[in-house]
Amino acid sequence: MEENFEYYMGLALKEAESSLALAEVPVGAVVVCEGEVVAAAYNTRETDKNAIRHAEVTAISRACEKLGGWRLHKCELYVTLEPCPMCAGAIVNSRIKRVVYGAKDPKAGAFGTVLDLNSFPLNHKPEIVNGVREEECAALLSDFFKILRAKKSSDKKLRDAMSNNKEGGN
């Protein structure tokens with residue numbers, strides 16, 4: 001079974017890599033139902049200018065459409081980053097049986113890192129498996145944010161130089 005975890009996380013990583021072309025935070029998600037991939041998605045918050053366009057929510061929505069219902073109790077969700085509270089809520093509400101994630105999210109992780117939604121008396125508690133291909137998932141995110149910080153620094157230096165030139169009368 002663990003080999004399947006690795007395989008499906010690889011598909012989620014491919015989804016995350018797709019978001020890089022859009023300058024989106026590279027998070028990918030795949031919904032698997034009884035061994036079949038039924039939906040896949042990646043973050044598009046910036047592209048769509050929509051706060052709820054997280055990979056998990058989009059993948060869950062697509063899985064519901066494909067399977068013809070909102071109960072995904074036979075499904076597993078593979079995601080490269082620990083779900084945030086919004087996504088964790090969608091996971092609970094859609095009755096996903098298992099969540100497999102790669103990297104922990106120290107700022108918003110809702111399945112054990114910042115908070116644990118499964119510790120509340122909710123009517124559904126998905127099984128959680130973490131750390132699958134964790135280093136690859138974390139590296140993808142880390143590299144993205146390094147590039148983003150470098151770009152912001154470079155942009156600031158350019159703005160400062162342009163401002164200094166205007167003030168200097170050039």
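This is a predicted model: local features need pLDDT of at least 70, side-chain atom pairs count only at pLDDT 80 or more; totals for chains, interfaces and linings use all residues.
Biologist: What makes Glu 76 and Arg 98 a salt bridge?

Modeller: Their closest N and O atoms are 2.2 Å apart. The cut-off for a side-chain nitrogen of Arg and a carboxyl oxygen of Glu is 4 Å, so the pair counts as a salt bridge. The structure holds five salt bridges.

Biologist: What does the pair of Glu 76 and Arg 98 tie together?

Modeller: Glu 76 lies in strand β3, residues 75-81, and Arg 98 lies in strand β4, residues 98-103, so the pair ties together parts that are 22 residues apart in sequence.

Biologist: Why is Arg 98 called buried?

Modeller: Arg 98 has a relative accessible area of 12%. Buried means under 20%, so the label applies. Glu 76 is buried as well.

Biologist: How do you know that Glu 127 forms a salt bridge with Arg 98?

Modeller: The closest N and O atoms of Glu 127 and Arg 98 are 3.1 Å apart, and the limit is 4 Å, so this pair counts too. Glu 127 lies in strand β5, residues 127-130, and Arg 98 in strand β4, so the pair ties together parts that are 29 residues apart in sequence.

Biologist: Is Glu 127 buried, partly exposed or exposed, and why?

Modeller: Glu 127 has 40% relative accessibility, so it counts as partly exposed. That label covers values between the 20% limit for buried and the 50% limit for exposed.

Biologist: Where is Arg 133, and what is its phi?

Modeller: Arg 133 is in the loop between β5 and α5. Its phi is near 55°, a positive value in a residue other than glycine.

Biologist: Why is Ala 23 called exposed?

Modeller: Ala 23 has 52% relative accessibility. Exposed means over 50%, so Ala 23 qualifies. Ala 23 is in the loop between α1 and β1, and has a positive phi of about 60° although it is not a glycine.

Biologist: How many residues does the largest nonpolar core have, and which have the most contacts inside it?

Modeller: The core has 42 residues, and those with the most contacts inside it are Val 31, Leu 72, Ile 91, Ile 96, Val 100 and Phe 111. The largest share, six residues, comes from α1.

Biologist: What does Ile 96 touch?

Modeller: Leaving aside residues up to four places away in sequence, Ile 96 touches residues including Ile 60, Leu 72, Cys 75 and Ile 91.

Biologist: Which residues of α4 are buried, and what covers them?

Modeller: In α4, the buried residues are Cys 87, Ala 88, Gly 89, Ile 91, Val 92 and Ser 94. Their cover includes α3, β3 and β4.

Biologist: What volume does the largest pocket have, and which residues are closest to its centre?

Modeller: The volume is about 460 Å³. Of the 21 lining residues, the closest to the centre are Val 25, Leu 81, Asp 105, Leu 141 and Phe 145. The lining divides into 12 nonpolar, three polar and six charged residues.

How values were computed. Residues are numbered from 1 along each chain as its sequence is written. Side-chain values use heavy atoms; hydrogens and water are left out. Helices (H or I, at least four residues) and strands (E, at least two) are DSSP runs, numbered from the N terminus. Buried means under 20% relative accessible area, exposed over 50%, partly exposed in between (1.4 Å probe, protein chains only). On a 1 Å grid over the protein atoms alone, a cavity is a set of points where a 1.4 Å probe fits but cannot get out, and a pocket is an open set with protein on both sides within 12 Å along at least five of seven lines; lining residues have an atom within 4 Å of a point. Grid points are joined across faces, edges and corners, and a volume is the space filled by probe spheres set on the points. Ala, Val, Leu, Ile, Met, Phe, Trp, Tyr, Cys and Pro count as nonpolar, Asp, Glu, Lys and Arg as charged, and the others, Gly among them, as polar. A nonpolar core is a set of buried Ala, Val, Leu, Ile, Met, Phe, Trp, Tyr and Cys residues joined through side-chain atoms within 4.5 Å. Contact means heavy atoms within 4.5 Å.
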